[in-house]
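Please keep the sequence and the structure in view while reading.

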Amino acid sequence: PACGQAMADLRAFMFEAVYRNPVAKGEEGKARDLVKYLYTHFTAHVEKMPEEYRRIAEQEGAERAACDYISGMTDGYAMEKFGEIFIPFAWTVK
């Protein structure tokens with residue numbers, strides 16, 4: 001019962017603070033576009049994925065490999081990869 005209540009509390013928090021949060025909802029389009037750009041890039045450039053995903057591409061196709069690779073990324077890692085691929089080096093702030 002205690003664990004069930006904790007899960008219910010967490011679920012309520014996630015809906016309020018994350019899933020329905022107006023700030024987060026306003027960023028959904030950006031996140032969707034980021035994933036689309038990564039998918040397009042990695043399906044066209046399989047060699048840019050780690051070895052594990054290149055093997056998946058050989059066996060099951062570039063689309064499956066790109067989906068698997070991107071779906072395993074954290075938000076931060078996906079943004080980092082996007083920056084490496086699409087933002088000119090001279091524009092980065094260090």
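**Ala-31**

Ala-31 is found in helix α3. The model is a predicted one, and in it Ala-31 has a relative accessibility of 44%. Buried means under 20% and exposed means over 50%, so Ala-31 counts as partly exposed.

Along the chain, Ala-31 and Asp-75 are 44 residues apart.

**The largest pocket**

Both Ala-31 and Asp-75 belong to the lining of the largest pocket. The space in the pocket comes to about 280 Å³.

Which helices supply at least two residues each to this lining? They are α3, which covers 28-44, and α6, which covers 75-86. Helix α3 gives the most, with four residues.

By residue type, the lining of the largest pocket holds seven nonpolar residues, one polar residue and two charged residues.

**Cysteines and disulfides**

A disulfide is a covalent bond that joins the sulfur atoms of two cysteines. How many disulfides does a search of the whole structure find? The search finds zero.

Are Cys-3 and Cys-67 buried, partly exposed or exposed? Cys-3 has a relative accessible area of 58%, so Cys-3 is exposed. Cys-67 has 34% relative accessibility and therefore counts as partly exposed.

Terms used: Residues numbered from 1 in each chain as written. Predicted model: local features only at pLDDT ≥ 70, side-chain atom pairs only at ≥ 80, totals over all residues. Heavy atoms only, no water. 1 Å grid on protein atoms, 1.4 Å probe; cavity = no way out; pocket = protein on both sides within 12 Å on 5 of 7 lines; lining within 4 Å. Points joined across faces, edges and corners; volume = space filled by probe spheres on them. Nonpolar A, V, L, I, M, F, W, Y, C, P; charged D, E, K, R; others polar. Buried < 20%, exposed > 50% of the residue type's maximum accessible area, 1.4 Å probe, protein only. Disulfide = S-S within 2.5 Å.
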